[in-house]
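Dear colleague,

Please find below the structure that I promised to hand over.

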Amino acid sequence: AYLTTMGDDDVGGFKVVDVSQPRNPSEVGFLSLGICESDSCNNTLVVSGGFAYVNHFSSDALLHVLVIDVSDPTQPYQVGLIAGLGKVRAASSEGLLVYTITGDLVRVVDVSAPNTPVVLGSVIVDPGYEFSGDLVVSGDILYVTGTEGSELDPLGGYLWAFDFGDPSDPQLAGTVQVAENRGAFSLAHSGDYAYVVSKVWVDWGPFGGEWACSIHIVDIRNPYALSVVGSVDPDLSFGGPPASIATDGRSLLTAMEVFDVQDPSAPGGMGGLVGLSCPEVVRAGGHFYVPTQDGASGLLILDSDLCFPGTLFIDGFESGDLLAWSGEPAISWWPAEGNADDAIGTNHGTLHGGAGFTTGVVGQAFLLDGVDDYVSIPHDPSLDLGTGDFSVAFWLRTQAHFKPIVYKSACSSCLLYTSD
């Protein structure tokens, strides 16, 4: 896991945290980012392909993106700089492209040579709209949220989808209005759906006011025909607009609230993270990661049932962002929560024989009899193993000798795990 921090001396920091044992996380690496020349520092962090991309205001008071090599987590170091291109908000799964946004201008940047990044193309989302700067990328499709009108006087909130298959000539794929008289801001993605937070300022006159926020779920299986399939109570108030949201397709976390999104057409509230003020939340590898800014500031780790298996308190941690990441970014994840769906991609599986489910280490697990039960996943280029390093991770409990656990064919690569 990776965090950006800001100390009392206005010196930014980049911390690497080992979360391989969620109940006992530990800091393993640190890099000083220097003095931040702004009241809003280190507010964006993306990690992909062995590099971290961190927004930072340097001595020239301009917003730059620092490129940090994290191949050795104990010794992160800066290798490049993307100067003056706006906030970095997303990266391709291969780690070769990053996406930045300034106002309504989105750029795609080739970072295959991180010390000499090159802008490949750009697109103006929609003139006359305000944009929160929240981007999500899935394959060649980039999703952007924005507001018609202004943040304090919104006419509507929207989600755009752009096809970056040809980075030099990105094209609008589709757009959908997610809310009326509200702006669209925070954005998350899991499987076939995108999750958008809309908000509107409710003025109480001399007594002040507050943000009233909603969650909208958008079917993105066809980016050229986006459709809203469900929303949470539009009068729901989070006590403040969330800086980010995260979901595993079952639960969705905002800054202080938890929602059940297992049925996209009927999401509902589940409660709150009592006593916490969490600017960012991120999901990865079956856990939610929550950096906090309250009293004993630090990193909270929640399991899929939203319990707290681990906490790491970090001295000098006053503000920051977080991205949980281990090795290469995960391409697919099958959590076995009542189905064989891919929770972070579109490589959905099918149960065969008498395959079922049982209690797992985290949530549910597949239950296979070792005779004719199995789960199949159709071939997809994203699952090709290639010739480089790769990882496959799973929990396994056996009661006897077993047949192959994971088998990959229908391409030039083959992956096979067997028992003696």
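R107 is found in strand β10 (residues 105-110), where strands are DSSP runs of E of at least two residues, numbered from the N terminus. At 18% relative accessibility, R107 counts as buried, a word that stands for under 20% relative accessible area, with exposed meaning over 50% and partly exposed in between (1.4 Å probe, protein chains only). Leaving aside residues up to four places away in sequence, R107 touches L85, V98, Y99, T100, T102, V119, G121 and S122, a contact being heavy atoms within 4.5 Å.

Please keep in mind that this is a predicted model, in which local features need pLDDT of at least 70 and side-chain atom pairs count only at pLDDT 80 or more, while totals for chains, interfaces and linings use all residues. Residues are numbered from 1 along each chain as its sequence is written, and side-chain values use heavy atoms, with hydrogens and water left out.

Strand β10 belongs to an open sheet of four strands in the order β8-β9-β10-β11, with antiparallel pairing; two strands pair if DSSP finds at least two bridges between them. β8 (87-91) and β11 (118-124) are the edge strands, each pairing on one side only. On average, neighbouring strands of this sheet are turned by 30 degrees against each other, direction ignored, the axes being lines fitted to C-alpha atoms and angles running from 0 to 180 degrees between N-to-C directions. Between β8 and β9 (residues 97-102) the antiparallel pairing extends over four bridges, and V88 has T100 in β9 as its bridge partner.

Elsewhere, N181 lies in the loop between β15 (171-180) and β16 (183-190), and N181 has a positive phi of about 55 degrees although it is not a glycine.

F390 sits in the loop between β32 (374-376) and β33 (407-408) and is partly exposed, with a relative accessible area of 43%.

For the protein chain as a whole, there are zero helices (DSSP runs of H or I, at least four residues) and 34 strands. Of its 420 residues, 49% count as buried. Among contacts with a separation of 6 or more, 44% are accounted for by residues 24 or more positions apart.

With kind regards
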